[in-house]
Amino acid sequence: MKITRRQLMGGAAGALLLPAGARAAAPATLRAGPVERQLAPEGYPPTALWGFEGSAPGPEIRLTQGARLERRLVNDLPQPTSVHWHGIRIDNAMDGVPGLTQQAVPPGGQFDYAFRLPDAGTYWYHAHNRSTEQVARGLYGPLIVEEPEGAPEVDAEEVLLIGDWRMTRDAQLSPDFDSLHDRAHGGRIGNYVTTNGSGDWTRPVRRHDRLRLRLINVANARIFELALQGLEGWVLALDGMPLDRPEPVQETLVLAPAQRVDLIVDVTAEEGDTAYLVQLTREGGLSQAAFPVAGQGAQARRPAPAALPPNPNTGLPEVSGARRLDLRMEGGAMGRLSSAMTVQGPKSMQGLMQDGLVWALNGFAGLPEAPLAEAARGEALRVMLINDTAFPHGMHLHGHHFREVQERGLGPLRDTILVDSGARREIALVADNPGDWLFHCHMLGHQAAGMKTWLRVA
Ligand code: C2O
Ligand code: CU
């Protein structure tokens, strides 16, 4: 079209007439930068951390299913960074993986994230560059997507970020983020466990209150074993995705790094007592969250909660004809690296160690140039995860949820699965989200030390 002078002027004049509010507003910022926080108990100095918007953990982002999330990441850190929106079946360009979906944002730079939230549930966001260090320093926060309708009726809801920090005696973060010893063992395990950044998280409740608890394991490498005391509980969702039927909490809840669980809990402890979310350790139980009981809420126990409404396109995949793949995990301390192991071409074991690469997937340490598989859009895949190492690994696939292939059928949808030392677990998924998707261990030091690959969906 030929633009005449009159049209051009009209267009320009028209723009000037727009009220100020009609111009696209800049998205809200998500500013990553240094912060201080009283993390250790009183009497200790505050801890220097990295956080978002002046807080570590970062602020809760809460939207309704179907909404668009828009944030401008502004990097005030001394290192490049990026943000990954863990568990969101996201537009690939917004997935936040440097080297695969975007460039890391340099200090002083910014990046606009904007995407739709297709699923309700409990998710989280975290730095995805040098994450062994950046997540250890506090760069993460909860991302809660509310059900537009069908949410359970509760007296209160709490989001509980279960964290693990490695602190020095003067309550600063131990700076050994790149420790090869940690990487070759269980990862960066801390010495100070918190809930929402507090060593003694407490919330008063009434007897028979019903709470929704959204638990997120934000730890670098620690697997949490949790139990309820003075609370009757049901699991409603795992990794954001609702179960078909709520499952009563029988014994322990195991949360690998990055995993989430949505619970409904009813307070059964007597008035004057305290109910607990307990962390089970070798030495016994520790309070992960304390609920002192005062007064009476409901008059009596309530019936078991109903299921959450299912998320879209989460039906059972047809997996009998699915393409089968193996993903063999090797390496680490007390493990072996097959002699065929390579990293960007054949290398000696010693060479790999010098690069800090001590883990391999299918004989390759680090991000391979070729994907684990190229899937047609909508293709069903089965991946056998074979843990040939002396450590457990929490494997996370970006952009998709999968189900475990179990003897009695397919398990619940998850985005992160814990595979114990020596175990084989098979997962099935429909590769229906186009793009390049990272698939890695969420023990973050393991990821940095080689445990990562990727999947391409055409
Ligand atoms: Cu929560 Cu690639 O990570
Ligand atoms: Cu691992």
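This is a predicted model: local features need pLDDT of at least 70, side-chain atom pairs count only at pLDDT 80 or more; totals for chains, interfaces and linings use all residues.
## Domain layout

The chain splits into three domains. Domain 1 spans 5-146, domain 2 spans 156-296 and domain 3 spans 323-457. Between the centres of domain 1 and domain 2, taken over C-alpha atoms, lie 25 Å. Domain 1 puts 34 residues into the contact, and domain 2 puts in 29 residues.

## The interface of domain 1 and domain 2

Interface size is often quoted as the accessible area lost when the parts come together. Here, domain 1 and domain 2 bury about 2,500 Å² between them. Carbon and sulfur atoms supply 61% of that area. On the domain 1 side, the residues that lose the most area to domain 2 are Leu-39, Thr-122 and Trp-124. Together these three account for 25% of what that side buries.

Polar links also cross this interface. There are 13 residue pairs in polar contact, both residues at pLDDT 80 or more. Two salt bridges are found across the interface of domain 1 and domain 2. Elsewhere in the listing of side-chain pairs, Arg-62 and Glu-157 form a salt bridge, with N to O at 2.7 Å.

Which elements give two or more residues to the side of domain 1 that touches domain 2? They are β2 (47-52), β7 (121-127), α2 (131-134) and β8 (140-146). Strand β7 gives the most, with four residues.

## The copper site

The copper ion (ligand 2) has three protein donors: His-393 through ND1, Cys-441 through SG and His-446 through ND1. Along the chain, their spacing reads H-x47-C-x4-H.

Are Cys-441 and His-446 buried or exposed? Cys-441 has 0% relative accessibility, so it counts as buried. His-446 is also at 0% relative accessibility and therefore counts as buried. The cut-off for buried is under 20% relative accessible area.

Leu-263 sits in strand β17, which covers residues 260-267. Its relative accessible area is 0%, so Leu-263 is buried.

What does Leu-263 contact, leaving aside its neighbours within four places in sequence? The partners are Leu-211, Arg-212, Leu-213, Leu-215, Trp-234, Val-235, Val-249 and Leu-253. Leu-316 is 53 residues from Leu-263 along the chain, and their C-alpha atoms are 23 Å apart.

Conventions: Residues are numbered from 1 along each chain as its sequence is written. Chains are lettered from A and ligands numbered from 1 in the order in which they are written. Side-chain values use heavy atoms; hydrogens and water are left out. Donors are N, O and S atoms within 2.8 Å of the metal (3.2 Å for Na, K and Ca); water is not among the atoms, so sites may look incomplete. Buried means under 20% relative accessible area, exposed over 50%, partly exposed in between (1.4 Å probe, protein chains only). Domain bounds come from an automatic or database domain assignment. Contact means heavy atoms within 4.5 Å. Buried area is the accessible area (1.4 Å probe) that two parts lose on being put together, summed over both. A salt bridge is a side-chain nitrogen of Lys or Arg within 4 Å of a carboxyl oxygen of Asp or Glu. A polar contact is a pair of N or O atoms within 3.5 Å; within protein, one must be able to donate a hydrogen and the other to accept it, and residues adjacent in sequence count only if both atoms are side-chain atoms.
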